[in-house]
Amino acid sequence: MNLAAAPLAASTPGFLSPSGVEIAFLLVGLVTLGAAVVTVTTRQLVHAALWLVVALGGLAVEYLLLTAEFIAWVQVLIYVGSVVVLLLFGLMLTKAPIGRSPDADSGNRPVALGVALAAAAALVWVVVDAFRTTWIELDGPAQGSTEVSGEILFRHWVLPFEALSVLLLAALVGAIVLSRKNAKEARD
């Protein structure tokens, strides 16, 4: 055994020795997963929207831990800021019930759980199969940097991004129209 290599091997972390960032990533991931599960299982719409804020905020923290600061801020500004505010605004305008909503449950929970598990298994299989031989190139700009993210966004994802903005605008206009009809019916 080479004694000169022993201190070097002891000082470098092994494959199964996690760093602080990896432990934080796992803990934040568990909190995010828990918030996502509560989001889809709660029977109160406002609570679901607020748990969605926690789940989306957890994703932003995960992006920060992956050193993708730009994507983390986009997550906070677009999803946590805009989408959840739009959702709450729509709930308020349509006079959705604030408390428990017994009519929000259709009784198909076992079927929905089976479909969700099958979709999750298929997604994990597709992602693992697609990226099994993919290597991250460490030369050049970081993958989460503004330069790389902007280039990918404006080259490949402009149309879906704009379609999503039109869809969100249509949802907001629809909520306003629904609330105006209810106000007119209340006056008559």
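Biologist: Okay, so a helix here is a DSSP run of H or I, at least four residues long, numbered from the N terminus. With that in mind, where do E151 and R155 lie?

Modeller: Both are in helix α6, which covers residues 146-156. This is a predicted model, by the way. E151 and R155 are four residues apart, about one turn of the helix.

Biologist: And what do E151 and R155 form?

Modeller: They form a salt bridge, and their closest N and O atoms are 3.2 Å apart.

Biologist: Is R155 buried or exposed?

Modeller: R155 is exposed, because its relative accessibility of 56% is over the 50% cut-off. E151 has a relative accessible area of 40%, so it is partly exposed.

Biologist: How many salt bridges does the structure hold?

Modeller: Two. R132 forms one with D129, and there the closest N and O atoms are 2.2 Å apart.

Biologist: Switching topic. How do α2 and α3 pack?

Modeller: Two packed helices are described by the angle between their axes and the distance between the axes. Helix α2 is residues 20-41 and helix α3 is residues 45-65; the angle is about 160° and the axes are 8 Å apart. That makes α2 roughly antiparallel to α3, because angles over 145 degrees count that way.

Biologist: Is the crossing of α2 and α3 left-handed or right-handed?

Modeller: Left-handed.

Biologist: Which residues in α2 meet α3?

Modeller: On the α2 side they include V21, F25, V28, T32 and V38. Among those in α3 are W51, L52, V54, L59 and E62.

Biologist: How do the residues of that contact divide into nonpolar, polar and charged?

Modeller: There are 15 nonpolar, four polar and one charged.

Biologist: Last one. Where does G90 lie?

Modeller: In helix α4, residues 69-93. G90 counts as buried, because its relative accessibility of 15% is under the 20% cut-off.

Biologist: How far apart are G90 and L172 in sequence and in space?

Modeller: They are 82 residues apart along the sequence, but in space their C-alpha atoms are 6.6 Å apart.

Technical notes
Residues are numbered from 1 along each chain as its sequence is written. This is a predicted model: local features need pLDDT of at least 70, side-chain atom pairs count only at pLDDT 80 or more; totals for chains, interfaces and linings use all residues. Side-chain values use heavy atoms; hydrogens and water are left out. Axes are lines fitted to C-alpha atoms, for helices over the stretch in contact, and angles run from 0 to 180 degrees between N-to-C directions. Helices (H or I, at least four residues) and strands (E, at least two) are DSSP runs, numbered from the N terminus. Angles under 35 degrees count as roughly parallel, over 145 as roughly antiparallel, 65 to 115 as roughly perpendicular and the rest as oblique. A crossing is left-handed if the near helix is turned anticlockwise from the far one by less than a right angle, and right-handed if clockwise. Contact means heavy atoms within 4.5 Å. Ala, Val, Leu, Ile, Met, Phe, Trp, Tyr, Cys and Pro count as nonpolar, Asp, Glu, Lys and Arg as charged, and the others, Gly among them, as polar. A salt bridge is a side-chain nitrogen of Lys or Arg within 4 Å of a carboxyl oxygen of Asp or Glu. Buried means under 20% relative accessible area, exposed over 50%, partly exposed in between (1.4 Å probe, protein chains only).
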